[in-house]
Amino acid sequence: VDRQELNLGSRTCLICGGIAQNCARSRTHTVEQLREKTEDLLECALANYESRKTARLACQALLYEVAATPKPGLVDRANSGSHKDMDFFTFQASAAALWPYFETCFRIGMESVNGSPEDTFALLRAPGMIAEGEMLRATGGVNTHKGAIFSLGILCAALGRMGWEYADKPQWLLYECAQMTAGLVAKDFAGLTKETAITAGQKLYLEQGITGVRGQAEAGFPAVLKVGLPKLEEALAAGRNLNDAGCAALIAMMAASVDTNLISRGSLELQQKIAVETAMLLFREPIPTEEVLLEMDRKFMEKNLSPGGTADLLAMVYLLHFMKEDAK
């Protein structure tokens with residue numbers, strides 16, 4: 001069928017926008033020009049595909065994190081844990097709202113690859129603030145994923161910088177995260193005093209020297225790389241499903257990291273006690289049973305405790321796992 005029979009205009013030239021037939025007949029453009037334009041179109045299509053795929057897996061990781069049940073003190077499919085202002089559906093709404101942000105993070109990493117890792121991280125600040133606003137609009141003002149916006153955003157940007165050929169190499173991706181956030185603790189807490197400290201994280205840094213998620217990022221998220229992801233893969237290899245493996249990874253990271261949410265809701269001493277008790281539990285049961293987790297959940301809710309910081313790390317664990325699986 002001729003294009004004119006369908007009342008369509010003549011096909012346009014990819015290079016100049018004129019009538020393609022005329023450009024072809026007169027050989028207006030060189031083969032080199034056509035090759036360069038074709039490569040640009042293919043690269044753009046690939047970038048669109050990879051950025052969308054990254055965003056999809058990041059949102060999937062957030063959804064799997066909240067769906068993993070039971071999680072001590074955290075929102076899951078069974079209950080809202082120690083959180084009275086949010087539930088399972090609040091997290092679903094939040095995750096859906098963050099899809100464009102993760103796509104942006106990947107693109108920022110890809111487009112700034114020729115600059116320094118620190119430059120890429122600086123470019124994430126504004127989109128991160130916008131994403132927080134979108135999250136709050138989706139949840140009616142509830143902070144569900146502020147920590148995940150920070151950590152998963154960095155990871156998506158690191159993947160953009162490294163390229164999808166590194167999707168199955170978490171050690172390299174998390175090393176890039178460390179390069180992007182080098183010196184972050186010193187920068188963010190520079191000049192901080194007791195009078196100017198407002199957030200719980202700022203106060204913990206001044207009083208206890210606890211660096212929280214910033215310190216995790218600067219170190220390349222060691223709790224994720226050395227503890228959470230290996231535990232998830234260990235559980236999967238043992239025949240457990242992604243739900244049970246995720247819960248096991250969460251417990252393992254609780255034993256191996258300092259969760260500032262636990263400290264702010266309880267105390268440093270209590271957080272340290274929980275870490276020791278959790279490590280002892282893992283020694284007895286490398287993959288905790290549902291009964292044990294339900295009892296932990298009950299005790300956490302009684303004391304209004306929530307390892308929210310570790311939950312954000314669990315989302316990273318899921319995302320790294322999904323990327324490795326997709327790269328196979």
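Trainee: Where is the place of Ser26?

Mentor: Helices (H or I, at least four residues) are DSSP runs, numbered from the N terminus. Ser26 belongs to helix 1 (residues 20-26). This is a predicted model, in which local features need pLDDT of at least 70, side-chain atom pairs count only at pLDDT 80 or more, and totals for chains, interfaces and linings use all residues. Residues are numbered from 1 along each chain as its sequence is written, and side-chain values use heavy atoms, with hydrogens and water left out.

Trainee: Why is Ser26 called partly exposed?

Mentor: Buried means under 20% relative accessible area, exposed over 50%, and partly exposed in between (1.4 Å probe, protein chains only). Ser26 has a relative accessible area of 48%, so Ser26 is partly exposed.

Trainee: With which side chain does the side chain of Ser26 make a polar contact?

Mentor: A polar contact is a pair of N or O atoms within 3.5 Å; within protein, one must be able to donate a hydrogen and the other to accept it, and residues adjacent in sequence count only if both atoms are side-chain atoms. Here the partner of Ser26 is the side chain of Thr28, at 2.7 Å.

Trainee: Let us turn to Asp76. Where does Asp76 lie?

Mentor: Asp76 is in the loop that connects helix 2 (31-67) and helix 3 (88-97). Asp76 is buried yet has no salt bridge, a term for a side-chain nitrogen of Lys or Arg within 4 Å of a carboxyl oxygen of Asp or Glu. The nearest side chain of opposite charge is that of Lys71, 4.8 Å away; for charge, Lys and Arg count as positive and Asp and Glu as negative, while His and the chain ends are not counted. A polar atom of the Asp76 side chain lies 2.9 Å from the backbone nitrogen of Ala78.

Trainee: What covers the buried residues of helix 4?

Mentor: Contact means heavy atoms within 4.5 Å. The cover includes helix 2, helix 5 (117-139) and helix 6 (146-162). Among the buried residues of helix 4 are Tyr101, Phe102 and Cys105.

Trainee: How many helices does the chain have?

Mentor: The chain has 16 helices and zero strands (a strand being a DSSP run of E, at least two residues). Of its 328 residues, 45% are buried.
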